[in-house]
Amino acid sequence: MMQNKKMDVALSNLLSRQDYLVTQANDLARSFGNLTSFEHKVLDFCFSFVKKDDVPDTMYHLKSLDILHHLGLNSSGRNYQRIVKAFKSLNEGTAIYMAIKRPNGEKGILMTSLFDHIAAFENGGIEFRFSRDISPYVFQLKEHFYSFKLSELSRVRSKYTLTLMKLWNANAIGKLTNTTIKGSLNEWESWFLGSDKDGKQRTMSAGVFKRDVLKKAEMELQSLYPDVQLFLTTKKQGVKVVGYELDIVRLKTHLRL
(Lines give C-alpha, C1' and ligand atoms only; values in the text may rest on other atoms or scores of the structure.)
Protein backbone atom coordinates (compact mmCIF):
# COMPACT_ATOMS: atom_id res chain seq x y z
CA MET A 1 0.00 0.00 0.00
CA MET A 2 2.82 2.38 0.93
CA GLN A 3 4.63 1.53 -2.32
CA ASN A 4 1.53 2.36 -4.38
CA LYS A 5 1.24 5.71 -2.58
CA LYS A 6 4.87 6.54 -3.34
CA MET A 7 4.35 5.69 -7.01
CA ASP A 8 1.24 7.87 -7.09
CA VAL A 9 3.16 10.82 -5.60
CA ALA A 10 6.05 10.34 -8.04
CA LEU A 11 3.67 10.25 -11.01
CA SER A 12 1.78 13.31 -9.77
CA ASN A 13 5.06 15.22 -9.52
CA LEU A 14 5.88 14.38 -13.13
CA LEU A 15 2.39 15.22 -14.36
CA SER A 16 2.62 18.62 -12.68
CA ARG A 17 5.67 19.52 -14.79
CA GLN A 18 3.81 21.14 -17.66
CA ASP A 19 7.10 22.27 -19.23
CA TYR A 20 8.10 18.62 -19.29
CA LEU A 21 5.11 17.19 -21.14
CA VAL A 22 4.08 17.48 -24.79
CA THR A 23 0.34 18.07 -24.91
CA GLN A 24 0.02 20.06 -28.15
CA ALA A 25 2.03 20.86 -31.26
CA ASN A 26 3.63 24.05 -29.99
CA ASP A 27 4.91 22.18 -26.92
CA LEU A 28 6.98 20.09 -29.32
CA ALA A 29 8.76 23.24 -30.49
CA ARG A 30 9.92 23.79 -26.90
CA SER A 31 11.11 20.24 -26.28
CA PHE A 32 14.64 20.15 -27.69
CA GLY A 33 16.73 22.46 -25.55
CA ASN A 34 19.46 19.85 -25.26
CA LEU A 35 20.22 19.87 -29.01
CA THR A 36 23.19 21.73 -30.47
CA SER A 37 22.75 24.37 -33.16
CA PHE A 38 23.85 21.90 -35.84
CA GLU A 39 21.44 19.24 -34.57
CA HIS A 40 18.61 21.78 -34.54
CA LYS A 41 19.30 22.59 -38.19
CA VAL A 42 19.38 18.93 -39.21
CA LEU A 43 16.07 18.43 -37.36
CA ASP A 44 14.60 21.47 -39.13
CA PHE A 45 15.67 19.90 -42.43
CA CYS A 46 13.80 16.72 -41.44
CA PHE A 47 10.68 18.71 -40.56
CA SER A 48 10.79 20.36 -43.98
CA PHE A 49 9.99 17.00 -45.62
CA VAL A 50 6.59 16.79 -43.96
CA LYS A 51 3.64 17.33 -46.30
CA LYS A 52 0.02 18.07 -45.51
CA ASP A 53 -1.32 14.63 -46.48
CA ASP A 54 1.40 12.52 -44.85
CA VAL A 55 0.37 9.62 -42.64
CA PRO A 56 2.06 8.35 -39.44
CA ASP A 57 3.85 5.53 -41.31
CA THR A 58 5.40 7.84 -43.90
CA MET A 59 9.07 7.04 -44.45
CA TYR A 60 11.16 10.04 -45.52
CA HIS A 61 14.31 9.82 -47.64
CA LEU A 62 17.06 12.40 -47.99
CA LYS A 63 20.66 12.69 -49.12
CA SER A 64 23.40 13.85 -46.78
CA LEU A 65 24.79 15.94 -49.63
CA ASP A 66 21.56 17.96 -49.73
CA ILE A 67 21.94 18.83 -46.05
CA LEU A 68 25.56 19.84 -46.60
CA HIS A 69 24.61 22.10 -49.50
CA HIS A 70 21.77 23.59 -47.46
CA LEU A 71 24.16 24.43 -44.63
CA GLY A 72 26.89 25.69 -46.96
CA LEU A 73 29.32 22.88 -46.10
CA ASN A 74 31.64 21.01 -48.46
CA SER A 75 31.30 17.30 -49.10
CA SER A 76 34.27 16.17 -47.03
CA GLY A 77 34.33 12.91 -45.12
CA ARG A 78 34.40 14.89 -41.87
CA ASN A 79 31.18 16.70 -42.72
CA TYR A 80 29.45 13.45 -43.69
CA GLN A 81 30.46 12.15 -40.28
CA ARG A 82 28.89 15.25 -38.69
CA ILE A 83 25.60 14.45 -40.41
CA VAL A 84 25.56 10.85 -39.20
CA LYS A 85 26.60 11.94 -35.71
CA ALA A 86 23.81 14.53 -35.69
CA PHE A 87 21.23 11.87 -36.52
CA LYS A 88 22.67 9.67 -33.79
CA SER A 89 22.21 12.53 -31.33
CA LEU A 90 18.68 13.18 -32.60
CA ASN A 91 17.88 9.52 -32.03
CA GLU A 92 19.24 9.67 -28.49
CA GLY A 93 18.31 13.23 -27.51
CA THR A 94 14.69 13.69 -28.56
CA ALA A 95 12.88 11.84 -25.80
CA ILE A 96 9.23 12.87 -25.52
CA TYR A 97 6.97 12.55 -22.49
CA MET A 98 3.21 12.73 -22.88
CA ALA A 99 0.37 12.69 -20.36
CA ILE A 100 -2.01 9.83 -21.11
CA LYS A 101 -5.19 8.46 -19.60
CA ARG A 102 -6.75 5.00 -19.76
CA PRO A 103 -10.48 4.58 -20.51
CA ASN A 104 -11.07 4.04 -16.77
CA GLY A 105 -9.59 7.49 -16.02
CA GLU A 106 -6.24 6.27 -14.70
CA LYS A 107 -3.49 8.80 -15.48
CA GLY A 108 -0.01 7.97 -16.69
CA ILE A 109 3.00 9.13 -18.70
CA LEU A 110 3.97 7.76 -22.11
CA MET A 111 7.74 7.80 -22.59
CA THR A 112 8.52 7.79 -26.29
CA SER A 113 10.78 9.57 -28.76
CA LEU A 114 10.53 11.76 -31.84
CA PHE A 115 11.80 9.11 -34.27
CA ASP A 116 11.12 5.40 -34.38
CA HIS A 117 13.34 4.74 -37.41
CA ILE A 118 16.59 6.28 -38.63
CA ALA A 119 18.84 4.48 -41.09
CA ALA A 120 22.06 5.74 -42.71
CA PHE A 121 23.59 4.13 -45.79
CA GLU A 122 27.08 4.10 -47.28
CA ASN A 123 25.95 6.06 -50.36
CA GLY A 124 25.02 8.99 -48.10
CA GLY A 125 21.31 8.22 -48.11
CA ILE A 126 19.31 8.59 -44.91
CA GLU A 127 15.76 7.45 -44.22
CA PHE A 128 13.69 8.30 -41.18
CA ARG A 129 10.22 7.99 -39.77
CA PHE A 130 8.60 9.88 -36.92
CA SER A 131 7.16 7.95 -34.02
CA ARG A 132 3.49 7.06 -34.50
CA ASP A 133 2.64 8.65 -31.13
CA ILE A 134 4.39 11.92 -32.03
CA SER A 135 3.69 12.22 -35.76
CA PRO A 136 0.31 14.02 -35.32
CA TYR A 137 2.11 16.76 -33.37
CA VAL A 138 4.83 16.96 -36.03
CA PHE A 139 2.21 17.36 -38.76
CA GLN A 140 0.40 20.07 -36.77
CA LEU A 141 3.69 21.81 -36.03
CA LYS A 142 4.63 21.94 -39.71
CA GLU A 143 1.19 23.05 -40.88
CA HIS A 144 0.32 25.63 -38.23
CA PHE A 145 3.46 26.75 -36.40
CA TYR A 146 6.58 26.19 -38.49
CA SER A 147 6.44 29.32 -40.63
CA PHE A 148 10.19 29.93 -40.79
CA LYS A 149 11.85 29.20 -44.09
CA LEU A 150 14.83 26.84 -44.05
CA SER A 151 16.95 29.64 -45.47
CA GLU A 152 16.17 31.75 -42.39
CA LEU A 153 16.97 28.98 -39.94
CA SER A 154 20.21 28.02 -41.69
CA ARG A 155 21.65 31.52 -41.12
CA VAL A 156 21.27 31.36 -37.34
CA ARG A 157 24.51 30.79 -35.46
CA SER A 158 23.37 30.14 -31.89
CA LYS A 159 21.18 27.27 -30.69
CA TYR A 160 19.67 29.73 -28.22
CA THR A 161 18.53 31.97 -31.05
CA LEU A 162 16.98 28.98 -32.82
CA THR A 163 15.14 28.13 -29.61
CA LEU A 164 13.94 31.71 -29.21
CA MET A 165 12.72 31.81 -32.82
CA LYS A 166 10.71 28.63 -32.28
CA LEU A 167 9.27 29.92 -29.02
CA TRP A 168 8.24 33.09 -30.83
CA ASN A 169 6.70 31.02 -33.59
CA ALA A 170 4.84 28.70 -31.20
CA ASN A 171 3.49 31.50 -29.01
CA ALA A 172 2.42 33.61 -32.00
CA ILE A 173 0.67 30.59 -33.55
CA GLY A 174 2.93 30.71 -36.59
CA LYS A 175 2.23 34.34 -37.49
CA LEU A 176 5.55 35.86 -36.30
CA THR A 177 3.73 38.94 -35.05
CA ASN A 178 3.69 40.66 -31.67
CA THR A 179 3.66 38.17 -28.84
CA THR A 180 4.63 37.63 -25.21
CA ILE A 181 6.53 34.62 -23.93
CA LYS A 182 6.07 33.96 -20.23
CA GLY A 183 7.55 31.31 -18.00
CA SER A 184 9.18 30.46 -14.72
CA LEU A 185 12.98 30.33 -14.50
CA ASN A 186 12.67 26.55 -14.49
CA GLU A 187 10.64 26.61 -17.71
CA TRP A 188 13.02 28.98 -19.50
CA GLU A 189 15.99 26.79 -18.52
CA SER A 190 14.12 23.72 -19.76
CA TRP A 191 13.41 25.35 -23.13
CA PHE A 192 16.95 26.62 -23.71
CA LEU A 193 19.25 24.25 -21.84
CA GLY A 194 17.44 20.93 -22.00
CA SER A 195 18.63 17.99 -19.94
CA ASP A 196 21.78 15.92 -19.57
CA LYS A 197 22.20 12.31 -20.72
CA ASP A 198 20.58 11.12 -17.50
CA GLY A 199 17.49 13.25 -18.08
CA LYS A 200 18.36 15.78 -15.38
CA GLN A 201 17.50 19.36 -16.31
CA ARG A 202 20.47 21.63 -16.87
CA THR A 203 20.56 24.86 -14.87
CA MET A 204 22.54 28.09 -14.59
CA SER A 205 22.51 30.93 -12.13
CA ALA A 206 19.80 33.40 -13.12
CA GLY A 207 22.34 36.15 -13.88
CA VAL A 208 24.49 33.96 -16.12
CA PHE A 209 21.43 32.55 -17.87
CA LYS A 210 20.13 36.02 -18.66
CA ARG A 211 23.52 37.29 -19.85
CA ASP A 212 24.83 34.28 -21.78
CA VAL A 213 21.59 32.78 -23.08
CA LEU A 214 18.68 35.21 -23.29
CA LYS A 215 20.59 38.38 -24.14
CA LYS A 216 22.76 36.69 -26.77
CA ALA A 217 19.67 35.14 -28.37
CA GLU A 218 17.95 38.53 -28.35
CA MET A 219 20.90 40.23 -30.04
CA GLU A 220 21.14 37.71 -32.88
CA LEU A 221 17.37 37.62 -33.40
CA GLN A 222 17.33 41.40 -33.68
CA SER A 223 20.19 41.34 -36.19
CA LEU A 224 18.23 38.85 -38.33
CA TYR A 225 14.95 40.76 -37.98
CA PRO A 226 15.76 44.51 -37.80
CA ASP A 227 12.03 45.29 -37.59
CA VAL A 228 11.74 43.47 -34.25
CA GLN A 229 12.13 44.95 -30.78
CA LEU A 230 12.44 42.78 -27.68
CA PHE A 231 11.64 43.78 -24.12
CA LEU A 232 12.74 41.36 -21.41
CA THR A 233 11.25 41.69 -17.92
CA THR A 234 12.76 39.80 -14.99
CA LYS A 235 10.17 38.48 -12.54
CA LYS A 236 11.26 38.42 -8.90
CA GLN A 237 10.03 37.39 -5.49
CA GLY A 238 12.04 39.66 -3.24
CA VAL A 239 15.56 39.45 -4.60
CA LYS A 240 15.12 35.98 -6.08
CA VAL A 241 14.60 35.64 -9.85
CA VAL A 242 11.59 33.38 -10.45
CA GLY A 243 10.94 33.87 -14.16
CA TYR A 244 11.00 36.05 -17.26
CA GLU A 245 8.52 37.71 -19.57
CA LEU A 246 9.66 38.57 -23.08
CA ASP A 247 7.63 40.90 -25.29
CA ILE A 248 8.41 40.64 -28.99
CA VAL A 249 7.15 43.61 -30.99
CA ARG A 250 7.30 43.64 -34.76
CA LEU A 251 7.23 47.15 -36.18
CA LYS A 252 6.54 46.09 -39.77
CA THR A 253 4.75 42.76 -39.69
CA HIS A 254 4.66 42.51 -43.47
CA LEU A 255 8.45 42.41 -43.73
CA ARG A 256 10.08 39.00 -44.06
CA LEU A 257 13.81 38.48 -44.43
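Okay, let's start with a pair of side chains: Asp116 and Arg129 meet in a salt bridge, 2.9 Å from N to O. By salt bridge I mean a side-chain nitrogen of Lys or Arg within 4 Å of a carboxyl oxygen of Asp or Glu. This pair links distant parts of the chain, with Asp116 in strand S4 (residues 115–120) and Arg129 in strand S5, 13 residues apart.

Some housekeeping before I go on. This is a predicted model, so local features need pLDDT of at least 70 and side-chain atom pairs count only at pLDDT 80 or more, while totals for chains, interfaces and linings use all residues. Residues are numbered from 1 along each chain as its sequence is written, and side-chain values use heavy atoms, with hydrogens and water left out.

Back to that pair. How accessible are Asp116 and Arg129? Asp116 is partly exposed, at a relative accessible area of 43%, and Arg129 is partly exposed too, at 22%. The cut-offs: buried is under 20% relative accessible area, exposed is over 50%, and partly exposed is in between, with a 1.4 Å probe and protein chains only.

How many salt bridges does the rule give? The count comes to 9. Another one of them joins the side chains of Asp57 and Arg132, at 2.9 Å from N to O. Asp57 sits in the loop between helix H3 (37–47) and strand S1 (60–63), and Arg132 in the loop between strand S5 (125–130) and helix H6 (135–145), so this pair ties together parts that are 75 residues apart in sequence. Asp57 is partly exposed, with 47% relative accessible area.

Then there's Arg102 with Glu106, where the closest N and O atoms are 3.1 Å apart. Arg102 is exposed, at 55%, whereas Glu106 is partly exposed at 42%. As for the general idea, side chains of opposite charge can pair when their charged atoms come close.

Let me zoom out to the whole protein. There are 10 helices and 8 strands. Of the 257 residues, 46% count as buried. Take the contacts between residues at least 6 apart in sequence: 59% of those join residues at least 24 apart. Contact, by the way, means heavy atoms within 4.5 Å.

Now to helix H3. Is H3 enclosed or open? Well, 11 of the 11 residues of H3 are buried, so it is largely enclosed by the rest of the structure.

Next up, helix packing, with H10 in both examples. The axes of helix H8 (residues 159–171) and H10 come within 8 Å and cross at roughly 75°. That makes H8 roughly perpendicular to H10. The axes are lines fitted to C-alpha atoms, for helices over the stretch in contact, and angles run from 0 to 180 degrees between N-to-C directions. On naming the angles: under 35 degrees is roughly parallel, over 145 roughly antiparallel, 65 to 115 roughly perpendicular, and the rest oblique. On the H8 side you have Tyr160, Thr161, Leu164, Met165 and Trp168, and they meet H10 residues including Val213, Lys216, Glu220 and Leu221. By class, the residues of this contact divide into 8 nonpolar, 1 polar and 4 charged. Here Ala, Val, Leu, Ile, Met, Phe, Trp, Tyr, Cys and Pro count as nonpolar, Asp, Glu, Lys and Arg as charged, and the others, Gly among them, as polar.

The other example is helix H9 (residues 185–193) with helix H10 (residues 206–224), whose axes come within 12 Å and cross at roughly 40°. H9 and H10 are therefore oblique to each other. Leu185, Trp188, Glu189, Phe192 and Leu193 of H9 make the contact with Ala206, Phe209, Val213 and Leu214 of H10. That one has 8 nonpolar, no polar and 1 charged residues.

Definitions and conventions:
Helix = DSSP H or I, 4+ residues; strand = E, 2+ residues; numbered from the N terminus.
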